[in-house]
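Please work through the following exercises on helix packing and the nonpolar core with the structure at hand. Each task is followed by a solution in steps.

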Amino acid sequence: KFPKTSLDSFTYQEYLPNDDYTLDLAIKACYRQVFGNLFPMESERPIESERHLRNGDIPIREFIRQLAKSPFYRTNYFENVNQQRFLELSFKHLLGRPPLNQEEVIKHVEILYKEGFDYHIDYLIDSLEYEEAFGAFTVPYQRFWNSPCGATTSGFVNTATLTRSFATSDNAIHERKTLS
């Protein structure tokens, strides 16, 4: 019932590998999480951000931020979809969950209107939820498949609606339903 107490009762060793193979896996997982099945071409990839990650200059969290603020993400997931679909996809890609309710969607519509795209991305990545779920060195992942503590049933249903299947893409080329 209380996720804080269950998380605090375990001791984890921090594992920060820095070999090329593990960094390649992490980079591919980041692209997969943020861009879905829509992979950028070599010329569209933020190579400089990858270099900074490989050199240890930035953690995974900052790499995710740079991917989400990239022109590729902005074009495919912000400019070519409606506002509600963008919010659903940004929650899915950055927090690993769908919006919890319509009030949360309305709150983020206001953030987008008043502060803009970049601020919205920063707001999600700098949130306490992101910090508790992923920290600085974990690639975000879909969290609501296993009904975590405190999650509602609608969270699972909305995750299934957003994800659809493993082979589908989140891009705007195909017609998509938004959450009710």
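The exercises below concern a predicted model.

**Exercise 1. Determine how helix H2 is oriented relative to helix H3, and which residues meet.**

Solution.
- Step 1. Two packed helices are described by the angle between their axes and the distance between the axes.
- Step 2. For H2 (residues 20–35) and H3 (residues 47–55), the axes come within 11 Å and cross at roughly 135°.
- Step 3. Angles over 145 degrees count as roughly antiparallel and those from 65 to 115 as roughly perpendicular; H2 and H3 are therefore oblique to each other.
- Step 4. The crossing of H2 past H3 is right-handed.
- Step 5. On the H2 side, Asp20, Leu23, Asp24, Ile27 and Tyr31 take part, and they meet Glu50, Leu53 and Arg54 of H3. Sorted by class, this contact holds four nonpolar and four charged residues, and no polar ones.

**Exercise 2. Determine the relative orientation of H3 and H4, and classify the residues of the contact.**

Solution.
- Step 1. The axes of H3 and H4 lie 10 Å apart, at an angle of about 175°.
- Step 2. Because angles over 145 degrees count as roughly antiparallel, H3 is roughly antiparallel to H4.
- Step 3. H3 contributes Ser49, Glu50 and Leu53, while H4 contributes Ile60, Phe63 and Gln66.
- Step 4. By class, three of these residues are nonpolar, two are polar and one is charged.

**Exercise 3. State whether Leu112 is buried or exposed, and identify its contacts distant in sequence.**

Solution.
- Step 1. Leu112 is located in helix H7 (residues 102–115).
- Step 2. The relative accessible area of Leu112 is 9%. Buried means under 20%, so Leu112 is buried.
- Step 3. With neighbours within four places in sequence set aside, Leu112 contacts Phe78, Gln83, Phe86, Leu87, Phe117 and His120.
- Step 4. For Gln83, the sequence separation from Leu112 is 29 residues, and the C-alpha to C-alpha distance is 9.0 Å.

**Exercise 4. Which members of the largest nonpolar core touch the most other members, and which elements give two or more residues to this core?**

Solution.
- Step 1. The core has 33 residues, of which Phe35, Phe63, Ile64, Tyr73, Phe86 and Ile121 touch the most other members.
- Step 2. Two or more residues each come from H2, helix H4 (60–68), helix H5 (71–79), helix H6 (83–95), H7 and helix H8 (117–125).
- Step 3. Take Ile64 as an example: beyond four places in sequence, Ile64 is in contact with Cys30, Val34, Leu94, Ile125, Tyr130 and Pro140.

How values were computed: Residues numbered from 1 in each chain as written. Predicted model: local features only at pLDDT ≥ 70, side-chain atom pairs only at ≥ 80, totals over all residues. Heavy atoms only, no water. Axes fitted to C-alpha atoms, helices over the stretch in contact; angles between N-to-C directions. Helix = DSSP H or I, 4+ residues; strand = E, 2+ residues; numbered from the N terminus. Parallel < 35°, antiparallel > 145°, perpendicular 65-115°, else oblique. Left-handed = near helix turned anticlockwise from the far one by under 90°. Contact = heavy atoms within 4.5 Å. Nonpolar A, V, L, I, M, F, W, Y, C, P; charged D, E, K, R; others polar. Buried < 20%, exposed > 50% of the residue type's maximum accessible area, 1.4 Å probe, protein only. Core = buried A, V, L, I, M, F, W, Y, C linked by side-chain atoms within 4.5 Å.
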